[in-house]
Amino acid sequence: MQSGSRMSPGMVGMALLGVLALALLGVMAYGSLRRVAARLSCDFYYPYLRLVSKTESSFASEALMLRDKLTLAKAVDRLQADNAELSSKVTQLALLEKENARLRELLAMPVRGAFKPVYAEVIARDPASWYERFTIGKGQADGLAEGDLVVCSVLSPDGSKFVPAAVGRLKSVSRHTASVSTLASDECKLSVALPDSGVAGLLQGSGLLAGVPAPSVKFLPLRPAYRAGELVFTSGVSDMTPPSIWVGRLCAGPGGAVAEERDHIYAEARLLPAIDFESIRFVSVFTRAKR
Amino acid sequence: MTWAAYVFALSFLAALGELVLDSYGVSLPFVAIACFYLTVALGIGAGGFCAVFGGASLDFVLGREHPLSVPLLLVVAGLALLWLYKFESKSMLFLCVPGAALPFIVWVPVAFLERSYGSGWLPGLLLQFSDAAVASVCSALLLPGMALLVDGLGQRLEMGLFTEAKDRLARDT
């Protein structure tokens, strides 16, 4: 009995240590477990969610048959003309790419990796974070990786043609799906350039301006010359991001000023994204071609 | 085996239905409704499974930063037990009350934490409540409707029924 009572504190201590170790292990493994569970869940639901979007697309295609033949013929003509123009541009770009690589070689500069656009469809979106994130139906199997830039086609700043504009970055990637953090999300950080002012900054953070997502461009030099409507593009500083992709325009903040001084060190400005986050259905992901 | 397949199928269909409707911007708490139904009809084991499986599915597929759905759905399972033990479960009309409460329990905390508001958290909270109010009306009609529909299926499969849960409890005790 006496021996039992002598053992008790030790056993209790061991049990407590065991519980503590298990709790610690649980906390340490939480991140990995969560990642694995997220990948499994996304890939498990992928075929069903894909089926829904496929059905919707086939209905949309069938609806085309309701249009009259003349309208469809005109549309085909227009598409053929666009196709011919784009093909010639692609040929021209391939030549320029070769020339660029040769010039870089002569100057002993490292050759920049090319980006390959991967087309994807939005398969799941949460009303609780409608502006902040969504899930697309392409993943590792298509060459995507975390941090890749996601773009969507919009009318160019002068309204003459369609150009790609930044939507956000890939936050996590499973085999067949990927979760996108948009520019409106706290999790998305993007290095940007303002060619008119000749400066660069970091797009980060969230916030709404008159009900529309308006992230901040931080760490801009303290210069009072920023004006509303100034165009913002990706800087291409990071290897993950192609340069010169349109991001949006600077706009006046709640106080009326375009840029506000922060800690007497840098200026911060609000950005109105080029993308309308309300209705994104198809996107392209710029992924490194040789991964 | 049939029991497990039945619980899995209901949880999966509820999660898939909610995911598909979410993608169109329609927020209806199918998983919370299924969790409430399964807890009352088949017990806390079935409700708990639905809470964990359905909640994890929603959080992971929608890429939520804060995986809060599982604990919130477990709260729903607890409330379903409370409903079974303290209130009448036969009256379908009376079911509108927990049905209306479900979106506020499972949706408002998630939506409030997931959305980025900058500094304006109070307008954000009010916005969530207004969205949840719409979902609440739909959910108040959906819970009794789904209880009737799934009871019809459960009867064919000889499963425990929602409408007989109170009688079963009285018999057991």
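## Terms and basis of the model

A salt bridge is counted here when a side-chain nitrogen of Lys or Arg lies within 4 Å of a carboxyl oxygen of Asp or Glu. The structure is a predicted model, in which local features need pLDDT of at least 70 and side-chain atom pairs count only at pLDDT 80 or more, while totals for chains, interfaces and linings use all residues. Residues are numbered from 1 along each chain as its sequence is written, chains are lettered from A and ligands numbered from 1 in the order in which they are written, and side-chain values use heavy atoms, with hydrogens and water left out.

## The interface between chain A and chain B

Chain A contributes 32 residues to the contact and chain B contributes 30 residues, contact meaning heavy atoms within 4.5 Å. About 2600 Å² is buried between chain A and chain B, and carbon and sulfur atoms give 59% of this area. Buried area is the accessible area (1.4 Å probe) that two parts lose on being put together, summed over both. Of the area that chain A buries against chain B, 23% comes from A:Y45, A:P127 and A:A128, more than from any other three residues.

The interface of chain A and chain B holds 1 salt bridge. A salt bridge joins the side chains of B:R64 and A:D126, at 2.6 Å from N to O. Between chain A and chain B there are 9 residue pairs in polar contact, both residues being at pLDDT 80 or more. A polar contact is a pair of N or O atoms within 3.5 Å; within protein, one must be able to donate a hydrogen and the other to accept it, and residues adjacent in sequence count only if both atoms are side-chain atoms.

On the side of chain A that touches chain B, helix 1 (2-64), strand 1 (115-125) and strand 2 (133-136) each supply at least two residues. Helix 1 of chain A gives the most to this side, with 12 residues. Helices (H or I, at least four residues) and strands (E, at least two) are DSSP runs, numbered from the N terminus.

## Salt bridges within chain A

Over all chains, the structure holds 12 salt bridges. One of them joins the side chains of A:R39 and A:E146, at 4.0 Å from N to O. This pair links distant parts of the chain, 107 residues apart: A:R39 is in helix 1 of chain A, and A:E146 is in the loop between strand 2 and strand 3 (149-155) of chain A. A:R39 is partly exposed at 35% relative accessibility, and A:E146 is also partly exposed, with a relative accessible area of 41%. In these terms, buried means under 20% relative accessible area, exposed over 50%, and partly exposed in between (1.4 Å probe, protein chains only).

A:R281 forms a salt bridge with A:E121, with the closest N and O atoms 3.0 Å apart. A:R281 lies in the loop between strand 14 and strand 15 (282-288) of chain A and A:E121 in strand 1 of chain A, so the pair ties together parts that are 160 residues apart in sequence. A:R281 is partly exposed, with a relative accessible area of 36%, whereas A:E121 is buried at 11%. A:E121 and A:R281 also belong, with A:R50 and A:E56, to a network of salt bridges.

B:S69 lies in helix 4 (residues 69-86) of chain B and counts as buried at 5% relative accessibility. Its side chain is joined to that of B:D59 by a polar contact of 2.8 Å. Beyond its neighbours within four places in sequence, B:S69 is in contact with B:G55, B:D59, B:R64 and B:V110; B:R64 is the residue that meets A:D126 in a salt bridge.

The structure holds 0 disulfides over all chains, a disulfide being a pair of cysteine sulfur atoms within 2.5 Å. The sulfur of B:C50 is 5.0 Å from the closest cysteine sulfur, in B:C35, which is too far for a bond. B:C50 is buried, at 0% relative accessibility. For B:C96, the closest cysteine sulfur is in B:C138, 12 Å away and too far for a bond; B:C96 is partly exposed, with a relative accessible area of 25%.

## Positive phi values in chain A

A:F219 is not a glycine, yet has a positive phi of about 55°. A:F219 is placed in strand 10 (residues 216-220) of chain A and is partly exposed, with a relative accessible area of 45%. A:H264, a residue other than glycine, likewise has a positive phi, near 55°. A:H264 lies in the loop between strand 13 (259-262) and strand 14 (266-273) of chain A and is exposed, with a relative accessible area of 69%.
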